[in-house]
Amino acid sequence: MAASSSSNVNENIPVFEYKDINTKPFHVGSFRTAWLEKLKPIDYSYEEKYEETEDADFAKEMGIAPETLDELKAICSVDTLRCQAEDESLDTNVVPPDPTLQTLIQRKKKQDYKGTLRIDKISRVDHYQDELESLAVGKRPEDPVDLVPEGEIILSINVLYPAIFERFRYVRPHMTLQMLGSHSLVDLRDAICCISDLQVFGEFSNTPDMAPDFISKDHFKSAFFYFEGVFYNDMRHPECQDMSETTIDWAKTRDFPTFQKAKMEDTRFYDLIVKVGYPYLFCHQGDCEHVVIITDIRLAHKDDCLDRKLYPLLTHKHRVMTRKCAVCHVYIGRWLTTNDPFAPNDPCLFCERCFRMLHYDKKGNKLGQFLAYPYVDPGAFN
Amino acid sequence: MAQADVEYESDGSGSKAKDRFLKPLVADYEELLGRFQQTESVRFEEFTAVWRNMGFSSVFYGSLAGNEMREFCHLTLTMAFNYFLPPYSFQIRVGGLYLLYGLYHTQLASPKEKIRIALKDWEQIQKFYQDSVNSQHYDAVYIIRKLIAENAVLYTAMPQMLTFRVKKKSQHHKVCEEFRDRPERVKDLISTDMLLEVANIQGHYERLKASVLERSSIAVTKQDLLARLHSCVLEFLHWQDRHENRGDADHLVYAEEKAQQVESSNRAQLLASIKTKSYGCLAEASKSRRHRQVQMDTSISGTGYIKEAPKYHKSRAPSLRARTYKKLCGEGQCTSCLMRTQCFVGCNRAAPPVTLQGG
């Protein structure tokens with residue numbers, strides 16, 4: 001009776017599986033229902049409660065007189081927290097002299113140290129990257145149909161870059177996306193930009209102009225997500241295969257719990273059972289694997305971006321340095337050549353112009369024997 | 001082939017910023033809440049008096065580049081929220097609430113960083129709210145209502161964003177022992193419901209026994225189990241109250257603290273003396289490098305030490321060999337040791353001296 005209902009409620013309340021690391025699995029839709037049950041609609045609405053109604057409710061609940069209420073409001077107002085006199089102007093960019101707070105002492109040391117440096121090392125790109133987070137804050141749509149409804153769930157998802165480079169294994173470059181609960185997994189899939197999608201396979205030294213027709217994204221459309229023992233396959237197009245079948249069959253022969261399958265396009269985030277903070281998998285192009293972590297699930301707030309059309313929203317993206325042409329060092333490399341007698345090293349990167357100038361004559365004939373592959377730089381999405 | 005260069009990580013949770021800001025921030029909070037605890041009141045006026053005294057609004061001052069201000073504000077609210085939940089005492093929890101209110105309104109990030117409330121903590125907060133209403137703490141109730149009404153709260157799954165940082169030692173919030181609530185373990189175990197159930201079971205047992213046997217000489221439990229349990233619990237609670245009021249526990253704790261303080265100040269002095277000896281004498285740079293002369297750092301915080309003038313040792317300390325001899329052989333001469341070049345074991349003078357064989 002009482003025991004079973006409390007355990008039912010508990011299943012929908014996320015708790016830590018390992019403290020500060022990840023939670024136990026829970027159903028996202030039920031989590032939302034649990035919150036909406038506990039709150040009054042005014043609590044999570046985008047409007048601020050009118051002060052008069054709030055005061056009236058408060059006075060009624062506590063049974064106090066209006067004079068007491070006014071006095072209370074004066075005591076609890078934000079002005080009481082002001083630490084300096086009304087007319088004193090304050091420069092909040094500078095640590096006040098003679099700080100007593102430990103935080104300020106530490107900060108002052110850093111500030112003094114920075115003052116001794118001659119160059120301030122914030123690059124412009126880092127500055128723009130920091131701003132990316134707050135770019136879409138508070139945006140409202142023009143068409144009210146596109147407004148994110150109150151009580152909608154917003155998920156923050158980290159998609160890590162594939163760990164194919166050595167360096168990528170020691171830091172954790174990722175992109176952070178914000179999604180709505182009513183989005184489906186295909187929306188997430190389409191929002192993930194990975195350079196392996198743009199890669200062109202094949203050797204094109206004889207036909208350099210045909211390269212752009214063969215993007216991998218169009219060729220290999222299958223992909224799957226793996227969340228909590230369920231493989232979600234992308235079956236939108238007829239050429240998509242069920243990539244998870246191999247894994248499921250393999251698992252049956254070993255001592256694994258049976259995995260299930262589902263369709264990516266039919267699953268919304270509300271239907272998922274996931275752990276927050278736990279790594280899952282996204283696999284596309286057959287072997288390009290990304291780790292996916294859901295870092296946060298919460299109710300929408302009026303300061304979020306409220307335009308449905310802007311979701312999935314990119315809030316953070318790691319910047320990767322691009323590699324430039326070996327000749328001009330100005331443009332990003334587009335061609336990779338091997339066995340090339342013209343190139344200083346093997347393999348060698350060229351930008352489009354330098355590549356043509358060096359390897360083809362004015363009529364477009366190939367000069368010399370070499371192999372050329374179109375190259376997509378990992379920093380192409382910067 | 002050279003690998004693609006990647007800038008150092010800066011994940012959304014700002015792990016590097018967090019490590020740097022964490023300790024002094026927690027120290028500041030505990031100072032503030034400690035002073036609030038000493039006022040022995042839960043009134044907001046008292047809190048703001050302490051707040052103004054410490055100039056706490058200035059915790060956000062100082063130019064923080066880029067996203068650091070936002071991350072810092074997020075961190076302040078997250079850390080402060082810990083004091084709003086059990087196991088802290090009611091007064092500290094009210095202090096935590098006021099602290100959240102103060103930090104939310106004095107923060108310099110725009111738009112304001114919100115207070116994250118996880119679903120699992122909502123029950124506790126509701127209980128706290130109910131307690132405040134029942135005890136007629138108008139200011140606490142008003143402030144909770146105000147925070148919710150002005151949309152200062154984000155309703156989340158978990159108190160912090162989780163990015164599966166397993167290798168990094170997670171910064172568990174260390175509960176400050178001085179703020180902890182008095183343990184209610186006995187009261188929780190022997191609650192009224194439990195006593196009622198015990199009474200029911202006992203009654204049932206007695207009835208069964210009476211219906212089965214005529215004589216009731218055997219008994220599994222004592223007849224007056226319930227009364228004795230109850231009196232035990234009451235006695236314990238009274239003892240707890242008396243000790244708190246009389247301050248016996250306080251005296252014990254105080255004595256302990258004093259001893260610890262003496263110990264720590266001794267240690268601090270030792271550390272300080274070592275530091276001054278090593279840093280006290282600085283080589284003076286040559287004339288051409290005088291502009292790069294290393295200055296002595298006089299702003300060492302945290303050890304709370306008294307500066308000592310470095311002592312100049314006229315004589316060298318006795319060597320290890322000399323000290324060993326002195327220790328093992330004592331003041332007088334020991335024949336057995338004199339016969340050997342090295343003394344390996346502590347020679348027992350009661351034992352007969354061992355003569356060397358073979359010259």
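Select chain A and chain B together: 85 residues of chain B are in contact (heavy atoms within 4.5 Å) with 94 residues of chain A. This is a predicted model, in which local features need pLDDT of at least 70 and side-chain atom pairs count only at pLDDT 80 or more, while totals for chains, interfaces and linings use all residues. Residues are numbered from 1 along each chain as its sequence is written, chains are lettered from A and ligands numbered from 1 in the order in which they are written, and side-chain values use heavy atoms, with hydrogens and water left out.

**The interface**

The two chains bury about 7900 Å² between them, 63% of it on carbon and sulfur atoms; buried area is the accessible area (1.4 Å probe) that two parts lose on being put together, summed over both. Next, display B:E123 and A:K38, which form a salt bridge with their closest N and O atoms 3.7 Å apart. The rule (a side-chain nitrogen of Lys or Arg within 4 Å of a carboxyl oxygen of Asp or Glu) finds five salt bridges across this interface. On the side of chain B that touches chain A, the elements supplying at least two residues each include α1 (15-39), α5 (122-134) and α6 (138-149). Helices (H or I, at least four residues) and strands (E, at least two) are DSSP runs, numbered from the N terminus. Colour α6(B) separately, as the largest share of that side, nine residues, comes from this helix.

Move to β6 (residues 223-227) of chain A, where four of the five residues are buried, that is, under 20% relative accessible area with a 1.4 Å probe, protein chains only. Strands count as paired if DSSP finds at least two bridges between them. β6(A) pairs with β10 (residues 279-284) in the antiparallel sense over four bridges, and A:F225 stands opposite A:F282. Four bridges also join β6(A) to the antiparallel β7 (residues 230-233), with A:F227 opposite A:V230. Between β6(A) and β7(A) is a hairpin turn of two residues, where A:E228 has a positive phi of about 45 degrees.

**The three-stranded sheet**

Finally, select the open antiparallel sheet of chain A, ordered β14-β13-β15. β14 (348-350) and β15 (371-374) are at the edges with a single partner strand each, so one side of each lacks a neighbour in the sheet. β13 (residues 335-338) is joined to β15(A) by four bridges, and A:W335 has A:P374 as its bridge partner.

Technical notes. Buried < 20%, exposed > 50% of the residue type's maximum accessible area, 1.4 Å probe, protein only.
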